[in-house]
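The questions below go through it step by step.

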Amino acid sequence: MCSPFPSMGIDVVQECIRWAQQRHKLWEEKRKFASALKDDSEPLVPVPRSRLDELLQAEVQYLATVPVRAVSLREVLDCLDPRRAAKFIQADVPKRMAVRIRMIENLSCWHRVPELVQMHTSLSSWYRSLRLVERGAKVGLNEFTACVKKIRGEGKDAVRQVTVGLHKLKHTASTDYDDAFLNKWLDSFLLSRIGSNMLLDQYKACVSHKDGGLGRATGIIDPACDAAQICKQSSQAVTNLCLHYAGKAPPVFI
């Protein structure tokens, strides 16, 4: 028998084939599991915890490769109906979390930085919670609302964690990354976080009091908001901070 891979032995090729078959089987189980989550009419099948973890990890790896675009104002406005918003969030936000998980894993030495390890652990936990939480006509939205609140509550310190983590990473792996790379990485990470949080906050704001929300008709959107005035106030606050800590401030034009 001739090997199609001249540089590999037959045993190695056969092992690769077995690995590919196992991966295919794992993906088939993941597909059926995800389908059961989305279809309220299909009964869920008990899955061992170890296998469930494998399925979720495989799903994270796949979703991290799916292109994610910025959340538009139209999509936020389309989430005024809580049930529709919950469905959209459960499909979209895990993709954003998966991307951020993979972003951390792609950093060398990240496992030696406590803040990045904690951020990775938190994202994995939030991903799992959001994918597995039940919602629908039979169970309502209370559990889903509690899950959203938990994610937002635990993530309040995320910006500090990631910023401090990157600062430590630069000193741990100083030859691997320059400031330009780390600035771009942090910008992408935080933009993804902003998109996730906008959707979660919109859901919390528009869901009814009965389901644990604020019951606002327009959600986080304020029809009377003066965006230009807010930008002026924000720029003034930033200018004051720069003057206080650095003694000078860049010009800001609005």
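The model is a predicted one.

Q: How many helices and how many strands are in the protein chain?
A: Read from the N terminus on, the elements run α-α-α-α-α-α-α-α-α. The count for the protein chain is zero strands and nine helices.

Q: What percentage of the residues in the protein chain is buried?
A: A residue is buried when its relative accessible area is under 20%. The protein chain has 254 residues, and the buried share of them is 34%.

Q: Among contacts between residues at least 6 apart in sequence, what percentage joins residues at least 24 apart?
A: The contacts considered are those in the protein chain between residues at least 6 apart in sequence. Of these, the share that joins residues at least 24 apart is 67%.

Q: Are α4 and α5 roughly parallel or roughly antiparallel to each other?
A: Helix α4 covers residues 82-105 and helix α5 covers residues 114-132. Their axes are 9 Å apart and the packing angle is about 155°. Angles over 145 degrees count as roughly antiparallel. The relation of α4 to α5 is therefore roughly antiparallel.

Q: How many nonpolar residues does the contact of α4 with α5 have?
A: On the α4 side the residues include I89, V93 and M97, and on the α5 side they include L116, L123 and W126. By class, the contact of α4 with α5 has three charged, three polar and 13 nonpolar residues.

Q: In which hand of crossing does α7 pass α8, left-handed or right-handed?
A: Helix α7 (residues 158-172) packs against helix α8 (residues 179-206) at an angle of about 160°, with axes 11 Å apart. That makes the two, α7 and α8, roughly antiparallel. The crossing in which α7 passes α8 is right-handed.

Q: Which residues in α8 does α7 meet?
A: From α7, the residues in this contact are A158, V159, V162, T163, L166, L169 and K170. In α8 they meet D179, L182, W185, L186, F189, L190 and R193.

Q: Does R152 count as buried or exposed?
A: R152 is found in helix α6, residues 142-154. Not counting residues up to four places away in sequence, R152 touches R193, N197, L200, D201 and K204. Its relative accessibility is 17%, so R152 counts as buried.

Technical notes. Residues are numbered from 1 along each chain as its sequence is written. This is a predicted model: local features need pLDDT of at least 70, side-chain atom pairs count only at pLDDT 80 or more; totals for chains, interfaces and linings use all residues. Side-chain values use heavy atoms; hydrogens and water are left out. Axes are lines fitted to C-alpha atoms, for helices over the stretch in contact, and angles run from 0 to 180 degrees between N-to-C directions. Helices (H or I, at least four residues) and strands (E, at least two) are DSSP runs, numbered from the N terminus. Angles under 35 degrees count as roughly parallel, over 145 as roughly antiparallel, 65 to 115 as roughly perpendicular and the rest as oblique. Contact means heavy atoms within 4.5 Å. Ala, Val, Leu, Ile, Met, Phe, Trp, Tyr, Cys and Pro count as nonpolar, Asp, Glu, Lys and Arg as charged, and the others, Gly among them, as polar. Buried means under 20% relative accessible area, exposed over 50%, partly exposed in between (1.4 Å probe, protein chains only). A crossing is left-handed if the near helix is turned anticlockwise from the far one by less than a right angle, and right-handed if clockwise.
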